[in-house]
Number of protein chains: 2
Amino acid sequence: MTTITAVEVVDLRFPTSATAAGSDAMNKDGDYSAAYVVLRTDDPQLSGHGFTFTIGRGNDICVMAAEQRALPLIGCSVQEVTDDLGGTYRRLKSDSQLRWLGPDKGVEHLAMAAVMNAVWDLAARRAGKPLWRFVADMTPREVVDVLDLQYLSDVLTAEEALRMLEEARPGRDRRIAELEADGYPCYTTSAGWLGYSDDKLRRLCQEAVDQGYRHVKLKVGADVEEDVRRCRIAREVIGPDAHLMIDANQVWDVPQAIEWVGRLAEFSPLWIEEPTSPDDVLGHAAIRAAVAPVGVATGEHGMNRVLFKQMFQAGALDFCQLDSARLASLNEILSVYLMARKFDVPVCPHAGGVGLCELVQHLSIIDYVVVSGSLEGRVTEFVDHLHEHFVDPCVVENGAYRVPRAPGYSAEVHAATLETYSFPFGAHWASPGVAAQQVV
Amino acid sequence: MTTITAVEVVDLRFPTSATAAGSDAMNKDGDYSAAYVVLRTDDPQLSGHGFTFTIGRGNDICVMAAEQRALPLIGCSVQEVTDDLGGTYRRLKSDSQLRWLGPDKGVEHLAMAAVMNAVWDLAARRAGKPLWRFVADMTPREVVDVLDLQYLSDVLTAEEALRMLEEARPGRDRRIAELEADGYPCYTTSAGWLGYSDDKLRRLCQEAVDQGYRHVKLKVGADVEEDVRRCRIAREVIGPDAHLMIDANQVWDVPQAIEWVGRLAEFSPLWIEEPTSPDDVLGHAAIRAAVAPVGVATGEHGMNRVLFKQMFQAGALDFCQLDSARLASLNEILSVYLMARKFDVPVCPHAGGVGLCELVQHLSIIDYVVVSGSLEGRVTEFVDHLHEHFVDPCVVENGAYRVPRAPGYSAEVHAATLETYSFPFGAHWASPGVAAQQVV
C-alpha cells in the first residue's frame, strides 16, 4: 500500500514587478507567486503537485493555510484518497472551524484549491494519464460523485448533472481526435499590459496576428483618453475581423463602467472583462444590459460556485472566466461548467499568472470532451511567460493549446526553480541586493 | 507627538467546545477565539484594542494576516492616523498584492476588521469618549469622509449619504437621553443552542422571560421533528406575544429551506436566520418570497458591503445582521447602515462569540443616534458568556444594553485572560492534559 507521507508547501515568488508585464489598472506591481503544494508518498516515483496563484505579499498566508488544510492527508493511503475524490474533497472541506473564515472564499478557499489541485494531480499520475484524459475516462456517475453541489440544487441537481453528462457522451472520441489534431483555441493577453508603450503595443499586436491569434486583449481603465488611443492602435493592427477584448480589472463602479465602455464601443470589443467588483452579480447584470452588444466577462476573482450560480441566474455574463486556482479544484469547477452549459454561457477560463495556463488547458479540453461538446464562443487565455519553470509546460501553436500528454495536471515545477525563487531564502530573494529591499 | 510604536497580535482561544454552548447545526464544536490586536504608543496610557472573531483553528492565520496588514501603522503619529480615519482605512486597504487574496473577503478582510477596529478604539480613547459618542460628535461631512463607498455608487453616493446623515441630525440629543434612560433593546440566544436538552431549553426560555426579554432565538436545522418539538416548547414558555426566532446557520439549500421553514411556520417565527449560503443573494430573495410572513435574516457571514448592497437591491432581507468583526470596521459598517436606511431594512447586528456584544452595543447606538433615528423592528443579539474577560464588559438589564461610558470601543481584554488563553502557550492551553490533545 502506497501512503502519503508528507505535505510540503513552498512560498514561490517571481520578481515580475521589475518589468511592466502583468500590469493593469488595479494590479500595478504584482510579483507572480504560487503557494505550491507537493504531496509526497513512500513511492519515490509518485507525488502530487498543485498550487494556488497569488501576486506576492500574503502568499505566505496561503502557504500556512494550505499546510493546515492538507494535514488530514498525511498517513492516508494514496488509493483511498484518489479512488474517492469526492469523499476526499468533502473530508478536507468539513472542518467547521476553518469554514468560519470563509465560507468558501478568500485565503482558505485558495488554500483548498492548492491542496485539491495536488490531489487531482496525484490521482492522474497514479492512473498514468494526463488529467484531462483521467476525467474523460470517468463514467458520468463517477463525475457526479466528485461534484460539489452544495447550495446549487435550485439550479443544478445530481440527476440533472448526470443527464447532461450522459448527453455529452456520444462523439467523445471524435472530439478528442479533433483536439489532438488542431489544439484548443486560445487568445493572448501578452500584447496589452497597461505599462507598455504605444510602439510596443503595436509591435506585440502585429506579432500576435502573425502567430495566428484571432483575439487580442488590452488592459484598460486607468485613463479613458489613453484607452481610446490604445484601442485604436490595436484595432488598426488586428483589422476589423479579429476580436478585440478589453479588461478593466475591477476599477469601476457600475455607472462608471457603463459610461467608460460606451466611450470604447466604437472599437467593437467582444467583451469588457471585470468591469466592477467581482462580487457584484446585479451590477454585472446592469452593465450587461447597458453595454450590449459588447459582452460582459468576469470570473478570475469569482470566489465560488454560489457566485457563479447567481451570475447565470441573473443573466449577468456573456463569458464565464472561472479560475483554476481560486475555485476549489475540479470538484467545484466541474459544477460551474455544468451550470454554464445549462445556461448556455461559454466558459473561457482565466489564465496567465504563473502556471494557470498549464492548468486551464486541461479544463478546456474537459469542457469540450466531457461537458459542453462545443467550441462555440470559447477561447482560452494564454500569456507567454514563466512557462520555463514547469516540467511539462503548455505548448501553444497557431493560436491553440496543444493537447498535453504527460501524466498529471502539468503543475510540477522544476527543482531548480524552487531553489531559486522560494521566498525569502531562495537564491534570488536571498541575494544581497534583493534581500535588502524586502520588508515582509 | 505620540507615535504608534508596536503592533501586538494575540491568538486568543477559549475552550468553549468543552460545553455545548455555541453549538448549532453547522458549527458543532467551536472554540470561540479572537485575533486580538493591540496598537501600542509611546504614551503608556494610550493604546488601541480590536479583534476579529473566529471559532478556533485558523485563528493563527488571521493573526498573521493582521500583523502584516497593520505594519504600515508602525511609526505613524497617533494624530495622523486617528484624525483621518478614512485615509488610514484607504491606506491599509490599498495593498494591491493583498487585495488579490480577496478582494474584501475571507481571512484578509477579517484581519482588516481586527486592525481597523483597533484604530477606531485608539481614536475614541484619544478623544476620551466611548466610541458611540465619538461618532455621534462627528459632523455629517466627517462621517461621509470615513465611508468606504467603492462599488456602491449605483445605490449610495457621497451626496446621498450626506443628505441622510443631515436629515438624522435633529433629535440626536433626545435619542441619546432616551437610550441612557432605557438602554438599547436586545434578545438572547443563550437559551436555544442545539446541544441543550429539552429540560434545559424550557428552563432557559423561562429565565429569559423572567429577565425581561421579549425575543428568544432557537438553533434549528439538524432534524425537523426535533425542531418542531423544541419550537413547541419555546412557544409554550414564552407565550403567543413574545417573538420566537429560528436560526439554521446555513445548513440548507434553497428548496430545502423553503420546505423546512414551512414545517415550522405554525410557531410564527419572527425570522429564519441564515437559511442558506451567506453568498446567495438571489437564494435569500427566493426564500423570502416563499416563506412570508416569516422574515428572512442574514449577515453574520455577510462578507462585505457589495454583498449587502445586492441583498437590499434584490429585496432579499427583512433583517440585516451585519457583523462587527467581519466587515472592515466602521468605515464599511456605516456604509451598510446607510444603505439599510435607504431600503428601510432594520439592522439587528450579529453578536455573541467572544466580544461581539461589546462591539455591537456601540453600533446599535450609532444607528439610532446618527443614521436611522429609529428603533422600529430593531433588536440586538446578546449572548451571556465570556464577558468577564473584558475590561469594560457590556451590561444588559431588563432586556436592554446599557449605554457604555468608558472611552473606546469596549474591546480591551484583561491581561490575565491573555496570559491564560493565548494559544498555544497560555496557561490553559499549555497545561499538560490540554496540550496533549492539540493537533495544530
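Helix H1 of chain B, residues 59-70, has twelve residues, and at 1.5 Å a residue it should span 16 Å; its end C-alpha atoms are 16 Å apart, which agrees. The expected span is 1.5 Å times one less than the number of residues in the helix. Helices (H or I, at least four residues) and strands (E, at least two) are DSSP runs, numbered from the N terminus.

The model is predicted: local features need pLDDT of at least 70, side-chain atom pairs count only at pLDDT 80 or more, and totals for chains, interfaces and linings use all residues. Residues are numbered from 1 along each chain as its sequence is written, while chains are lettered from A and ligands numbered from 1 in the order in which they are written.

H1(B) is mostly covered, with eleven of its twelve residues buried. A residue is buried if 20 or more other C-beta atoms, placed from the backbone, lie within 10 Å of its own, exposed if 12 or fewer, and partly exposed in between. Among the buried residues of H1(B) are B:Ile61, B:Cys62, B:Val63 and B:Met64, as well as B:Asp60 and B:Arg69.

Between the chains, 51 residues of chain B are in contact with 51 residues of chain A, contact being C-beta atoms, placed from the backbone, within 7 Å. The elements of chain B that give two or more residues to this side include H1, helix H12 (254-264) and helix H13 (281-291). H5(B) gives the most, five residues. The side of chain B that touches chain A divides into 23 nonpolar, 19 polar and nine charged residues. Here Ala, Val, Leu, Ile, Met, Phe, Trp, Tyr, Cys and Pro count as nonpolar, Asp, Glu, Lys and Arg as charged, and the others, Gly among them, as polar.

Chain A has 19 helices and twelve strands. Its radius of gyration is 21 Å, close to the 22 Å that the globule rule gives for 440 residues, so chain A is as compact as a globular protein of that length. The radius is taken over C-alpha atoms, and the rule is 2.2 Å times the number of residues to the power 0.38. Buried residues make up 60% of the 440 residues in chain A.

| Peptide bond | Omega |
|---|---|
| A:Gly102 to A:Pro103 | near -5 degrees |
| B:Ala292 to B:Pro293 | near 10 degrees |

A:Pro103 is in the loop between helix H4 (96-99) and helix H5 (106-127) of chain A. B:Pro293 lies in the loop between H13 and strand E8 (295-298) of chain B.

Terms used. Two residues are in contact if their C-beta atoms, placed from the backbone, lie within 7 Å.
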